[in-house]
Amino acid sequence: MLGACGAGLVRGLRAETQAWLWGTRGRSLALVHAARGLHAANWQRSPGQGPRGRPLSLSAAAVVNSAPRPLQPYLRLMRLDKPIGTWLLYLPCTWSIGLAADPGCLPDWYMLSLFGTGAVLMRGAGCTINDMWDRDYDKKVTRTASRPIAAGDISTFRSFVFLGGQLTLALGVLLCLNYYSIALGAASLLLVTTYPLMKRITYWPQLALGLTFNWGALLGWSAVKGSCDPSVCLPLYFSGIMWTLIYDTIYAHQDKKDDALIGLKSTALLFREDTKKWLSGFSVAMLGALSLVGVNSGQTMPYYTALAAVGAHLAHQIYTLDIHRPEDCWEKFTSNRTIGLIIFLGIVLGNLCKAKETDKTRKNIENRMEN
């Protein structure tokens, strides 16, 4: 160690001599050489870190890592460092809110922000419940062994108290809605608390997750309209469930080896080499249900154009999927946020075009009446 430090100091002095001879440019080079000397003594910070050793990235993971240390385990317990799950919970809500908007109008921004807050809280609560149930299993899986409860960063009691806080805040969001939506939202709690257990008893835990994650497809419409329209809400809910079966089956292929060893079940283990056939079937069902949603809600061309783009995205995703490479599975899983955003954009643009068609139709009717 002393020899390494001495070598570092020699390089630093040599660099300073060069700086004296070369001027300003030399002083810059001297700093570089001095830093390299310190690296020889193992004092250099890892790449991508700032002056305090914290990442310079603005990613969600970097934001969590820059939070006060006592808070970091709780933020990771909520998966704030991996926001893809929050997006996948939130997007069906946006579809429903967008479909419920009046023709020619943008979605209710207050409802979008309210449901966004609720999605963060409920996804965090769901992850907390999942990690409490699975703490013994998570210790045996490489990818999940570092989760806060499994790693011992948070005790079971503290996680339970934290869960209570999240659910209390989520209740506050729910109470901002109408009575019908409050009752409908409260009905989802049974699904939230039980779906983490499904991997122990059935090869279809992804179906249970779909029933849970897409409840917002019902709740968003009722929050705007005061009740659900079955002709729109039910096929929208069904399409969301099919979507969840697609992306969570892909996700489950990351852990299939560990799951098989410890006795957990999933559609990845059920479908095995037939996974792509099943995913193709779910994609057809999803697009068919979304088409029915469009017909029943009077959607216009931008909406169906978006569905065509979603179909192309799903086809590429499934065709290029390598179920034996966890990195590829994660990449394909996260790309589903794009699918959700495309559908939302199609709903918004399709709804804006409704007013144009309505105005045009009204003028035609008026002209006929005048003639």
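This is a predicted model: local features need pLDDT of at least 70, side-chain atom pairs count only at pLDDT 80 or more; totals for chains, interfaces and linings use all residues.
H9 covers residues 179-186 and H13 covers residues 216-225, and their axes come within 8 Å of each other at a crossing angle of roughly 165°. Angles over 145 degrees count as roughly antiparallel, so H9 and H13 are roughly antiparallel to each other. As for who touches whom, Tyr180, Ser181, Leu184 and Gly185 on the H9 side meet Leu218, Leu219, Ser222 and Ala223 on the H13 side.

Zooming out, the protein chain has 20 helices and 0 strands. Of its 371 residues, 44% are buried. Taking contacts between residues at least 6 apart in sequence, 72% link residues that are at least 24 apart.

The UniProt record, an unreviewed entry, lists residues 167-191, 278-295 and 339-355 under "transmembrane region". Two of these spans can be looked at a bit further. Residues 339-355 are 100% helix and 0% strand in the model, with the end C-alpha atoms 26 Å apart. Residues 167-191, on the other hand, come out as 76% helix and 0% strand, and here the end C-alpha atoms lie 14 Å apart.

How values were computed
Residues are numbered from 1 along each chain as its sequence is written. Side-chain values use heavy atoms; hydrogens and water are left out. Helices (H or I, at least four residues) and strands (E, at least two) are DSSP runs, numbered from the N terminus. Buried means under 20% relative accessible area, exposed over 50%, partly exposed in between (1.4 Å probe, protein chains only). Contact means heavy atoms within 4.5 Å. UniProt positions are given in the numbering used here, feature names are shortened, and annotations may be inferred rather than shown by experiment. Axes are lines fitted to C-alpha atoms, for helices over the stretch in contact, and angles run from 0 to 180 degrees between N-to-C directions. Angles under 35 degrees count as roughly parallel, over 145 as roughly antiparallel, 65 to 115 as roughly perpendicular and the rest as oblique.
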